[in-house]
Amino acid sequence: MLTEHTQELYLEKTALSALAQRYGTPLYVYSQQALDNALAAYRTAFAALNPLICYAVKANGNLSILRRFAEQGCGFDIVSGGELARVLQAGGAAERTIFSGVGKSRAEIEFALRSGIRCFNVESLPELDRINQIAGSLKVRAPISLRINPDVDAHTHPYISTGLKESKFGIAYDDALAAYRHAASLPHLDVQGIDCHIGSQLLEIAPLIEACERIVHLADVLAQDGIALSHIDLGGGIGIRYRDETLPDLQAYADAVQAIIGERPLSLMLEPGRSLVGNAGVLLTQVEYIKRGEAKDFVIVDAAMNDLMRPALYQAYHEIVPIRRKDIAPITADVVGPVCESGDFLGQDRTLAVEAGDVLAVKSAGAYGASMASNYNARPRAAEVLVDGENTRLIRRRESMEDLWACEMA
């Protein structure tokens, strides 16, 4: 939702310069219209299947964003008790929330059961046994789905590829029947579904379709074995445009899924995260210095890897642009932060017409930006703002110095 008016960038109808001046930098800014439009795209594409769309909280767990999706009728995909608590605090419903993740603790499982969780996506046999034991102690039956690893190459970065045999996630496809038989034998489990998630930032639909085919085939095998499922969960992972990527055809994916499911009595769940929030957000950061080096030049800004980890962690690309155009000579430089690490960069070899004091916008920062932020180097985390047309609302205040040690004892 970024547009340019009189050589100045706007998010919806709000000038980014006004936000930087009012709230300071570093600053995360999100477009409510972009959030709504991204969700609407899923609902339009998958309308014939009427899926439960479970927003992946890990992408961006700000309470105001969660509340917005809850108001729009979304469910949620969580991977921790803390994320469940966030969903509930934001007005989300536990009965529309699915609990994924490989390492659910006893306390988290009990919290989820007492809250009325929609379903656990179980990732190992020991986890099945643990959930069964805890459900028995609470005198309830735990709703479960097994996350099956379909061994499909998602063609994405190795750190966010989760569907291969080498992955820590899920149960091997060849072991699935035995795992379901074990689950069905446990008295305090209600076996409801089957789940897969092959990776993140996926730009091709072929791997997604292949995974769907394998999962639906497995559901047929289970039905023949007397284990009838009520839903399939195809996870998330649809990519966004960071640079010049060709985006997946969401409608073609939805049509393929509909054809594969056919007349089977299986409802559909989806777990989009990045594709709902990624391009709804920007990170604003002010230039502190222009440093001329012997081998290269640097634009030193006040945001750092603790604010946006993706470039350092994945060598991920985010477009970086000045929020105001200037008629000055551009330089080619690395955009780096103040953190004491050589890996502290937001962009490398970028050509920018900037000088000290200017504000830059790091695009496509709505997903895995603020949610992965830390206090490394004792840096307070950035503020967050939600824009709705000409209206802006602070949805996370900037941390104070006192916040940095609020939980510590000297």
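**Entry 1: the cavity.** I looked up which residues line the largest cavity of this predicted model. I found Tyr42, Leu208, Gly235, Gly236, Ile238, Tyr253, Leu270, Glu271 and Pro272. Sorted by class, this lining comprises 6 nonpolar, 2 polar and 1 charged residues. I noted about 40 Å³ of space in the largest cavity. For cavities of 30 Å³ or more, my count for the structure is 1.

**Entry 2: helices α2 and α3.** I next examined how helix α2, residues 32–45, lies against helix α3, residues 63–71. Their axes come within 11 Å and cross at roughly 40°. I therefore recorded α2 and α3 as oblique to each other. The crossing of the two helices is right-handed. On the α2 side, I listed Gln32, Leu35, Asp36 and Leu39 as making the contact. On the α3 side, Ile65, Arg68 and Phe69 take part. I classed the residues of this contact as 4 nonpolar, 1 polar and 2 charged.

**Entry 3: backbone at Pro26.** Which residues does a cis peptide bond join? I found Thr25 and Pro26, with omega at about -5°. Pro26 sits in the loop between α1 (16–23) and β4 (27–31). I set beside this the general rule that most peptide bonds are trans.

**Entry 4: backbone at Lys139.** I then looked up phi at Lys139 and noted a positive value of about 60°, although this residue is not a glycine. I recall that most residues other than glycine have a negative phi. I placed Lys139 in the loop that runs between α6 (125–138) and β9 (142–149).

Conventions
Residues are numbered from 1 along each chain as its sequence is written. This is a predicted model: local features need pLDDT of at least 70, side-chain atom pairs count only at pLDDT 80 or more; totals for chains, interfaces and linings use all residues. Side-chain values use heavy atoms; hydrogens and water are left out. On a 1 Å grid over the protein atoms alone, a cavity is a set of points where a 1.4 Å probe fits but cannot get out, and a pocket is an open set with protein on both sides within 12 Å along at least five of seven lines; lining residues have an atom within 4 Å of a point. Grid points are joined across faces, edges and corners, and a volume is the space filled by probe spheres set on the points. Ala, Val, Leu, Ile, Met, Phe, Trp, Tyr, Cys and Pro count as nonpolar, Asp, Glu, Lys and Arg as charged, and the others, Gly among them, as polar. Axes are lines fitted to C-alpha atoms, for helices over the stretch in contact, and angles run from 0 to 180 degrees between N-to-C directions. Helices (H or I, at least four residues) and strands (E, at least two) are DSSP runs, numbered from the N terminus. Angles under 35 degrees count as roughly parallel, over 145 as roughly antiparallel, 65 to 115 as roughly perpendicular and the rest as oblique. A crossing is left-handed if the near helix is turned anticlockwise from the far one by less than a right angle, and right-handed if clockwise. Contact means heavy atoms within 4.5 Å.
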